[in-house]
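Biologist: Could we go through this model together? I would like to begin with how its parts touch one another.

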Amino acid sequence: MAAPPLSHPSIPAPGGRSPWSFRMSGQSLAGAAPLGDAPSRFRLFPRRLGAARRFVAPVVLVLLWQLAAQAGLVSTRLLASPAAIATAAWQLIASGELAYHLAVSLRRVAIGLAIALGFAVPLGLLAGLSRLGEDLVDATLQMLRALPFLALVPLLILWLGIGEATKIALVALGAAFPIYLTLFGGIRGVDPKLLEAGRVFGLSRAGLIRHIVLPGALPQALVGLRYALGTAWLSLVVGEQINATAGIGYLVMDAREFLRTDIILVGLLVYALLGLGADQLVRFIEKAALAWRPSVLGER
Amino acid sequence: MVSGARLEVRGVSHAFALEKRALPVLQDIDFVAQPGEFVALLGPSGCGKSTLLRLVAGLEAPSEGRLLVDGAPVTGTDPSRTIMFQDPTLFPWRTVRGNAQLGPEARGTLAADAPRIEQALSLVGLASFAEAFPHQLSGGMAQRAALARALVNQPRLLMLDEPLGKLDSLTRLAMQRELAALWERERFTALLVTHDVEEAVLLADRVLVLSDRPARICADIRVDRPRPRRRDDAGLVALREEILALLGLAEAA
């Protein structure tokens, strides 16, 4: 833990003169200073800590967890201690095992997502841009969407076996629908007045699509991408429980066999970090592609 | 300099299909706007004035009648017939300059029109805001940007669909003066839809007073006052009273 900053009022300033003494002589009404800003007010966590203050509670929780584990209050068979998890993580990293399984998992998500984009974007464009396309595509996809895609696992296993194909197909299925739906909705949601203005200024149909429909649909489509990434991870977790021989899911399943709760928790942590990273990636894309939006400009 | 277009509106009637019933909005509209003439269409709100502009712009085809620009029938939109809408309808993902250059971009004349784009932006006083996005502009600035976007196309017929309707009254007064000056310099044919009588008589050579829906032309009033006009011009004030009386809104003496 870092030492409290020097300006902390409970610590006398060098020279034996505490900040309190200033107030005594200079201020006639102690109550006149606004409470929230009064430097004399005792603070458990000084403002100086700023953003770091948000991490106080999680850090304390982890410390309590560690203490409870050491005191034998929590069975390490059921829940490994934070120190054990850190050790396990370090060993997995050092041996290169984590990197290997991570690469396998990432590859599944990347291929699955690419397939999802490859199907969902053309279908979304087709349905969004033409009534005929909507009639041909939308009803079918809406029906398929009503099916919980994870329930397709038995069928996928029969069709594709228990190898990589099933895992990738599951990721692709999970990610495709959010992309399709938001692209379709985004295209249909473009302000008709903007389209009319485009026509007045001489844009052809192709020009309208390129200059108005696609930029107009982009914000929603990116929300869809973000959502698709979330579903992709979820599908990955499920897919990797099916007879996997590599991947983060395999790491977790394998650890279960040996009651290694520390490795299981490392796996969960990796899943969480991957999800977080994917979200940040799309945020970054949004920030770059949607610089014109006031909400994005307002963010830092 | 580009001269104004001659607009002929011949026996135009139009109806909307509303739940399988035809809702007539325009009835036998017939007038000619001479090249360079400033015509105001004045009428109660919802009477179909804006619909008439949409027909002239080529966004819709009339149910009946003919629209001719310089003798040629209107079959679709054309950049030489440009509308400035009540809302600026700027493209939010384009900067002010990006919005202004949409027309030239669509026609593939961006390089040739580059000086005109800068000229239009400085004409409306937005040269220093060329890189701003629409959400960063005030209402008046957004309308100016929309005006610049229209002017870049060197319209021969500029349609103004209550372009100042949503502005605050001070901005509105300033922009009325700017529009008048602009028209005097460029001499395009102008078709202004408004429900502001003062605005109509201040800007137009001719005021067509429309009835309630379905709109018919119930008066064609010539505004023969010298320009630049003053709001307190006695002739304009008298005309204003006359038109208000036609609309059944005369101030009781």
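Modeller: Please keep in mind that this is a predicted model. Within chain B, eight residues of domain 1 are in contact with seven residues of domain 2.

Biologist: What classes of residue does domain 1 of chain B bring to the side that touches domain 2 of chain B?

Modeller: That side of domain 1 of chain B has five nonpolar residues, two polar residues and one charged residue.

Biologist: How many helices and strands does chain B have?

Modeller: There are eight helices and ten strands in chain B. Along the principal axes, the C-alpha atoms of chain B fill a box of roughly 50 × 45 × 35 Å.

Biologist: Let us turn to helix H5 of chain B. Is H5(B) mostly covered or mostly uncovered?

Modeller: H5(B) is mostly covered, with ten of its 13 residues buried. The helix takes in residues 139-151 of chain B and reaches 18 Å from its first C-alpha to its last, close to the 18 Å expected at 1.5 Å a residue.

Biologist: Which residues of H5(B) are buried?

Modeller: They include Ala142(B), Gln143(B), Arg144(B) and Leu147(B). Another charged example among them is Arg149(B).

Biologist: What do the buried residues of H5(B) pack against?

Modeller: Their partners in chain B are strands S6 (81-84) and S7 (157-161), together with helices H2 (96-100), H3 (102-107), H4 (110-123) and H6 (169-186).

Biologist: What is the phi of Asp28(B)?

Modeller: The phi of Asp28(B) is near 50 degrees, which is a positive value in a residue other than glycine. Asp28(B) belongs to strand S2 of chain B, residues 21-33.

Biologist: And where does Thr89(B) lie?

Modeller: Thr89(B) is in the loop between S6 and H2 of chain B. Thr89(B) is not a glycine either, yet it has a positive phi of about 40 degrees.

Biologist: Why does Asp28(B) count as partly exposed?

Modeller: Asp28(B) counts as partly exposed because it has 14 C-beta neighbours inside 10 Å. Thr89(B), in turn, is buried because 22 other C-beta atoms lie within 10 Å, and the cut-off for a buried residue is 20 or more.

Biologist: Finally, how many residues do chain A and chain B give to their contact?

Modeller: Chain A gives 14 residues and chain B gives 19 residues. On the side of chain A, the elements that give two or more residues are helix H8 (192-200) and helix H9 (205-239) of chain A. H8(A) gives the most, with six residues. By class, this side of chain A has nine nonpolar, two polar and three charged residues.

Technical notes. Residues numbered from 1 in each chain as written. Chains lettered and ligands numbered in written order. Predicted model: local features only at pLDDT ≥ 70, side-chain atom pairs only at ≥ 80, totals over all residues. Helix = DSSP H or I, 4+ residues; strand = E, 2+ residues; numbered from the N terminus. Contact = placed C-beta atoms within 7 Å. Expected span 1.5 Å × (residues − 1). Buried ≥ 20, exposed ≤ 12 C-beta atoms within 10 Å, placed from the backbone.
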